[in-house]
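Hello,

I am passing this structure on to you. Please look through it first; my notes follow below.

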Amino acid sequence: QEDLDFRKERSRMLLSRRNQLLLEFSFWNEPRPRQGPNIYELRSYKLKPGTMIEWGNNWARAIKYRQENQEAVGGFFSQIGELYVVHHLWAYRDLQSREETRNAAWRKRGWDENVYYTVPLIRTMESRIMIPLKISPLQ
């Protein structure tokens, strides 16, 4: 009964809801517990329909440019819900570390080429900075 009461009360506050079933890219790291403190960046891309294979092929090559600091946490794509949506999850010590790591990728030969081929596949993109709760295995 307590659970039903909670759901009823929650539904009064809920204005909208979106669900997605995601699969992880096979070439990306599997998310594993991390020692912190870290911040996380969730980058979400809505791709043009029909471009997921091309996106995956480019990122299978591009991910090597972003592995030095173990910042790549996970890469996922939608299977149910809004389709042609990709999420990349990155870990950084802080915002300064994020900036340094991202700038370092641009200095690596080949990174710009991968970006060049993937940008035209994107319809919209979004970046969110997240701080893990104390109970999260991703600290």
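**Two helices side by side**

Helices α2 and α4 are roughly antiparallel to each other, a label for angles over 145 degrees. The model is a predicted one, in which local features need pLDDT of at least 70, side-chain atom pairs count only at pLDDT 80 or more, and totals for chains, interfaces and linings use all residues. Residues are numbered from 1 along each chain as its sequence is written, and side-chain values use heavy atoms, with hydrogens and water left out.

Helix α2 covers residues 52–62 and helix α4 residues 111–118; their axes come within 10 Å and cross at roughly 170°. Axes here are lines fitted to C-alpha atoms, for helices over the stretch in contact, and angles run from 0 to 180 degrees between N-to-C directions. Helices (H or I, at least four residues) and strands (E, at least two) are DSSP runs, numbered from the N terminus.

On the α2 side, E54, W55, N58, W59, R61 and A62 meet W111, N114, Y117 and T118 of α4. The residues of this contact divide into five nonpolar, three polar and two charged. Contact means heavy atoms within 4.5 Å.

R61, in helix α2, is partly exposed because its relative accessibility is 45% (buried is under 20% relative accessible area, exposed over 50%, partly exposed in between, with a 1.4 Å probe and protein chains only). The side chains of R61 and N58 are joined by a polar contact of 2.9 Å (a pair of N or O atoms within 3.5 Å; within protein, one must be able to donate a hydrogen and the other to accept it, and residues adjacent in sequence count only if both atoms are side-chain atoms).

S78 sits in strand β3, residues 72–80. S78 is buried, because its relative accessible area is 4%. Its side chain reaches the backbone nitrogen of Y84 at 3.4 Å. Neighbours within four places in sequence aside, S78 is in contact with Q20, L21, L22, L83, Y84 and V85.

L21 belongs to strand β1, residues 21–24, and is partly exposed at 45% relative accessible area. With neighbours within four places again left out, L21 is in contact with F77, S78, Q79 and I80.

**Annotation**

The end C-alpha atoms of residues 40–137 lie 13 Å apart, and the span is 32% helix and 35% strand.

Regards

Key: Angles under 35 degrees count as roughly parallel, over 145 as roughly antiparallel, 65 to 115 as roughly perpendicular and the rest as oblique. Ala, Val, Leu, Ile, Met, Phe, Trp, Tyr, Cys and Pro count as nonpolar, Asp, Glu, Lys and Arg as charged, and the others, Gly among them, as polar.
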